[in-house]
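Here is a short tour of a structure with several chains. Keep the sequence and the 3D view open as you read.

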Amino acid sequence: MIHLLDNMLIRAAVQGLMIISIMLGCVTFLVWTERKVAGHIQLRIGPERVGPFGLLQTIADVIKLFMKEDITPSSANKVLYTIAPMLAVIPPMTSFAVVPVWSQFALADFNIGILWVLAFTSLSVYAIVLAGWSSNSKYSTLGGLRATAQMISYELAMGLSILPILMWSGTLSLREIVLLQQRHLWNIAVLPFGPIAFLLFLICAIAETNRAPFDLPEAEAELVAGFATEYSSMKWSFFFLGEYAAIMTGCAVATSLFLGGWGGPFVDQVPLLGIVYFVAKVFALIFVFMWVRWTFPRFRYDQLMGFGWKFLLPATLGTLVLGAICMTVFPGFYHQFYGR
Amino acid sequence: MPHLQFPALSVPLVLFWVFAVVACLMGLLVIVLANPVSSALALVMTLCAVAGLFLTLGAQFIAAVQVIVYAGAIMVLFLFVIMLLQLRGEPGGLRGVLFGPKVLAGALGVALITQMGSLVATAAWPAGAADPAAFDSPLNTQMIGKLLYSRYLLPFEVVSVLLLVALLGSVVLAKRKF
Amino acid sequence: MPVINAYMPALLMLALATGFALFTVVASRLIGPYRPTREKNMPYECGIEPVGSANDRFSVKFYLVAMLFIIFDIEAVFLYPWAVAFRELRLFGLIEMLVFVALLLVGYIYVWKKGALEWD
């Protein structure tokens with residue numbers, strides 16, 4: 001028992017720390033990328049002074065944020081005000097644990113992997129609602145409220161949008177889902193529900209991270225900075241960190257569910273290629289997130305809620321029903337083209 | 001009194017104690033904290049710890065559902081209600097409660113504990129899960145699906161009617177004008 | 001092997017992430033300056049003294065959204081085991097699911113027609 005625990009725990013702890021450090025490294029890189037992408041989309045250059053191509057800009061920013069004063073408003077609820085930003089970071093990092101990075105490695109592999117991700121996604125609401133409430137400031141409260149209503153609406157559609165894939169795969173384990181896509185085609189190619197489910201999932205994932213065009217919670221023109229108005233220093237940056245970590249986790253999950261995870265040509269011969277494929281797919285999806293953010297204008301709040309409840313909810317359920325009917329009525333089609 | 005045998009230290013046992021202690025502590029915080037929002041957060045933690053207890057029993061699907069539905073959905077509603085009613089907390093917490101309710105609550109608490117204690121002492125405890133193989137199987141959720149959609153078909157369809165009623169009820173309650 | 005062993009690394013990740021968050025918050029508080037003043041600690045209100053309280057009453061709409069969310073979330077939870085077992089349930093499962101979804105669809109249409117999905 002002690003042996004087992006020793007080996008397993010120490011190995012898992014080292015791997016977990018590695019994942020956290022890699023995620024932090026990726027986030028600094030992603031912030032730089034976002035600013036570069038934004039710059040080029042708006043015909044600017046973006047950061048270029050700190051380090052080559054401005055690559056060290058984010059690191060300079062992080063150091064600056066560490067040195068800043070950590071202000072807690074006198075009317076705030078001190079304990080909740082401190083806990084809220086922490087809750088923004090913990091769920092996305094924890095849910096990354098079940099993502100199979102390549103054939104030889106997933107930090108944790110169990111039967112209900114995708115439900116683990118959904119469970120922690122549902123908990124990330126509390127960061128926003130507590131931040132908004134505990135600040136005891138008008139903008140924060142309004143931003144927090146809006147964000148909560150938005151997040152639960154799109155979380156619902158997100159949970160429903162993956163159902164066709166689960167139905168197709170017959171398992172909740174992310175590793176199993178990826179393996180099935182190695183043997184057959186990627187899930188995004190399973191007609192007719194694959195591509196629709198992928199698009200719906202992507203929309204929900206963007207809305208779930210409160211990014212433009214769904215960034216009403218921090219609509220600066222009307223709410224200053226929404227739920228994060230009163231925050232400063234590292235606590236403020238935790239919301240940023242949480243957002244980017246959630247983007248990474250969301251894209252990694254989307255890659256595993258729809259794009260075949262680590263799969264690709266010659267991956268059987270050279271297993272290490274799997275990591276390259278995985279990272280390439282995840283970053284391609286993240287680029288789509290950024291592209292969308294800097295291209296589309298912001299929704300109005302009633303449009304946003306209407307879109308979630310009147311379009312996404314029936315659309316996700318409709319995709320599920322469509323998929324189920326197709327699989328029952330045309331089993332021959334799926335046998336012939338997808339081997340299942 | 002059956003002979004009590006202490007099992008060797010094992011991963012599930014250690015985790016059981018961790019989750020149990022967290023659940024009890026947080027449950028205590030729910031009633032002790034003066035601020036209703038803090039209490040709600042403590043209740044979220046309690047529910048998550050109970051999900052952990054389900055995990056130690058091998059009930060993975062139930063554990064996930066516990067977090068998704070209770071901690072992730074119902075508690076959001078609780079928070080909304082607290083915020084809707086503009087509760088900012090009673091000054092002094094338990095000290096603000098009147099003497100009468102305190103005595104009543106104490107008596108009820110004692111009664112509950114005695115009841116549970118006698119149950120624990122007299123009940124026949126099944127040794128382990130009904131079918132441990134089913135829990136260990138990677139098809140745990142699939143089995144739930146198959147059972148739910150064959151043997152427990154009627155309850156399942158009744159649930160959908162129940163959900164429908166809840167849906168109508170919430171609209172009737174919350175809508176101002178029809 | 002107990003089932004929980006497979007979860008140990010993920011639970012450990014939860015502990016590590018919590019530890020990281022705690023450490024960073026404490027560290028930044030220790031490294032950064034701390035010179036509170038009355039004005040600095042006031043809630044932000046575009047530079048003027050805050051007027052009124054932050055807990056104004058908010059629309060009952062939010063409450064309704066949370067209610068609808070719970071109901072549909074429970075529906076989704078019922079559909080997970082269904083989806084996973086679908087390949088074995090086949091036609092029978094399809095019909096059951098259609099009945100389930102159709103019943104909720106009735107409620108959904110009612111909610112829509114009553115205007116509960118509108119933000120006025």
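## Where chain C meets chain A

How many residues does the contact take from chain C, and how many from chain A? It takes 53 residues from chain C and 66 residues from chain A. Two residues are in contact if their C-beta atoms, placed from the backbone, lie within 7 Å.

This is a predicted model: local features need pLDDT of at least 70, side-chain atom pairs count only at pLDDT 80 or more, and totals for chains, interfaces and linings use all residues. Residues are numbered from 1 along each chain as its sequence is written, while chains are lettered from A and ligands numbered from 1 in the order in which they are written.

On the side of chain C that touches chain A, α1 (8-31) and α2 (60-113) of chain C each supply at least two residues. The largest share, 19 residues, comes from α2(C). Helices (H or I, at least four residues) and strands (E, at least two) are DSSP runs, numbered from the N terminus.

What kinds of residues make up this side of chain C? They divide into 40 nonpolar, six polar and seven charged. Here Ala, Val, Leu, Ile, Met, Phe, Trp, Tyr, Cys and Pro count as nonpolar, Asp, Glu, Lys and Arg as charged, and the others, Gly among them, as polar.

## A bent helix

Now look at α2(C). This helix has 54 residues, but its end C-alpha atoms are only 18 Å apart. A straight helix would reach 80 Å at 1.5 Å a residue. That expected span is 1.5 Å times one less than the number of residues.

Where does α2(C) bend? The bend is at L89(C), by about 125 degrees. It is the angle between axes fitted to the seven residues ending there and the seven starting there. After α2(C) comes G115(C), with a positive phi near 80 degrees.

## Chain B

Chain B has seven helices and zero strands. Of its 178 residues, 27% are buried. A residue is buried if 20 or more other C-beta atoms lie within 10 Å of its own, exposed if 12 or fewer, and partly exposed in between; C-beta atoms are placed from the backbone.

## Backbone details in chain A

L43(A) is not a glycine, yet its phi is positive, about 60 degrees. It sits in the loop between α1 (2-41) and α2 (57-67) of chain A. Is L43(A) buried or exposed? L43(A) counts as exposed because it has 6 C-beta neighbours inside 10 Å.

N210(A) also has a positive phi, near 55 degrees. N210(A) counts as buried, with 24 C-beta neighbours inside 10 Å.
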